[in-house]
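Work through the exercises below with the sequence and the 3D structure open. Try each task before reading its solution.

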Amino acid sequence: MTTDSAIERVLPTSRATLKHQERILLSAIRLSGSEGLTVKSSQVAVRAQMGGETVTECLRFFVSVGLLSGARGRYASTAVGDSWAEIREDDHTRGRLLLHGLLQRHWSARAALAALEDGPVQSEALAQHLQHGLSRNPRRGMYLVEWLTEALIIHRDRFGRVHAPIAGQLPDSVTTHLPSMRAPVGDEGLILGMSARELCEMPTAQYVTLLKSFTEMLQVPLNAS
């Protein structure tokens with residue numbers, strides 16, 4: 001039975017902002033390509049123009065999330081990672097929705113939502129709670145809070161407090177800004193049996209459900225019965 005052991009409870013690096021962590025992730029995914037080629041962390045560091053240790057810490061975290069696979073300096077993009085990179089390039093908001101479907105199964109999401117059951121807390125307090133026993137560097141906990149916010153797992157208000165979405169709903173501050181129509185997609189192929197036009201015309205709520213189902217499908221082991 002899988003447990004939240006220390007090796008699974010990986011924190012983001014403290015050496016790079018979320019923007020630079022994203023750049024490292026995108027570099028790894030693009031080097032790996034749709035073929036899922038294995039790439040060295042040193043190759044990712046060169047492409048992202050970041051330090052080797054910073055890149056390695058980032059890649060380990062993204063493996064724990066499910067966007068990459070691998071270990072010990074050799075990594076490859078997952079199907080979910082490929083999807084995130086493609087979706088995010090055209091629509092950052094929907095990239096966040098795909099992250100939501102992925103990160104809601106992460107140990108940090110469960111821990112954060114449990115900590116917020118009694119109401120909102122300051123971001124720093126949640127960060128300290130999440131990194132307890134893992135690191136004394138406060139930036140690592142804060143960057144984890146930022147990733148959970150980016151993935152719409154939690155919502156941060158203008159006072160710096162973090163909230164759990166009510167009844168499992170996505171934060172209103174994001175869903176109210178979702179466009180009712182998406183830009184047409186050039187690829188005429190089918191995605192999950194649907195055309196690009198059908199995807200573009202799909203209501204937002206149904207689109208969110210589809211993304212979550214797509215993420216779940218990608219995470220099912222190939223030998224599952």
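**Exercise 1. The chain as a whole**

Among contacts in the chain between residues at least 6 apart in sequence, what percentage join residues at least 24 apart?

Solution. The model is predicted, so local features need pLDDT of at least 70 and side-chain atom pairs count only at pLDDT 80 or more, while totals for chains, interfaces and linings use all residues. Residues are numbered from 1 along each chain as its sequence is written, and side-chain values use heavy atoms, with hydrogens and water left out.

Step 1. Contact means heavy atoms within 4.5 Å.

Step 2. Of the contacts between residues at least 6 apart in sequence, 61% join residues at least 24 apart.

Step 3. The chain has 225 residues, and 45% of them count as buried. Buried means under 20% relative accessible area, exposed means over 50%, and partly exposed lies in between (1.4 Å probe, protein chains only).

Step 4. There are 11 helices and 6 strands in the chain. Helices (H or I, at least four residues) and strands (E, at least two) are DSSP runs, numbered from the N terminus.

**Exercise 2. Confidence**

Find where pLDDT stays under 50.

Solution. Step 1. pLDDT is the predictor's confidence in each residue, from 0 to 100. The chain averages 81, and 71% of the residues score at least 70.

Step 1. One stretch under 50 is residues 1–7, for which the model has 5 contacts beyond four places in sequence.

Step 2. Residues 172–190 also stay under 50, and here the model has 30 contacts beyond four places in sequence.

**Exercise 3. Helix 1 against helix 2**

Describe how helix 1 and helix 2 pack, and say which residues meet.

Solution. Step 1. Helix 1 covers residues 18–32 and helix 2 covers residues 41–48; their axes are 9 Å apart and the angle is about 120 degrees. Axes are lines fitted to C-alpha atoms, for helices over the stretch in contact, and angles run from 0 to 180 degrees between N-to-C directions.

Step 1. This angle makes helix 1 oblique to helix 2. Angles under 35 degrees count as roughly parallel, over 145 as roughly antiparallel, 65 to 115 as roughly perpendicular and the rest as oblique.

Step 2. On the helix 1 side, R23, I24, S27, A28, R30 and L31 take part; they meet Q43, V44, R47 and A48 in helix 2.

Step 3. These residues divide into 5 nonpolar, 2 polar and 3 charged. Ala, Val, Leu, Ile, Met, Phe, Trp, Tyr, Cys and Pro count as nonpolar, Asp, Glu, Lys and Arg as charged, and the others, Gly among them, as polar.

**Exercise 4. V44**

Is V44 buried or exposed, and which residues is V44 in contact with beyond four places in sequence?

Solution. Step 1. V44 is found in helix 2. Its relative accessibility is 1%, so V44 counts as buried.

Step 1. Leaving aside neighbours within four places in sequence, V44 is in contact with I24, S27, A28, L31, V39, V55 and L59.

Step 2. V44 and R23 are 21 residues apart along the chain, and their C-alpha atoms are separated by 9.8 Å.

**Exercise 5. Helix 1 against helix 8**

Which residues of helix 1 and helix 8 meet?

Solution. Step 1. The axes come within 11 Å and cross at roughly 70 degrees. The two helices are therefore roughly perpendicular to each other.

Step 1. L18, Q21 and E22 in helix 1 meet Y143, E146, W147 and E150 in helix 8.

Step 2. Sorted by type, the residues of this contact are 3 nonpolar, 1 polar and 3 charged.
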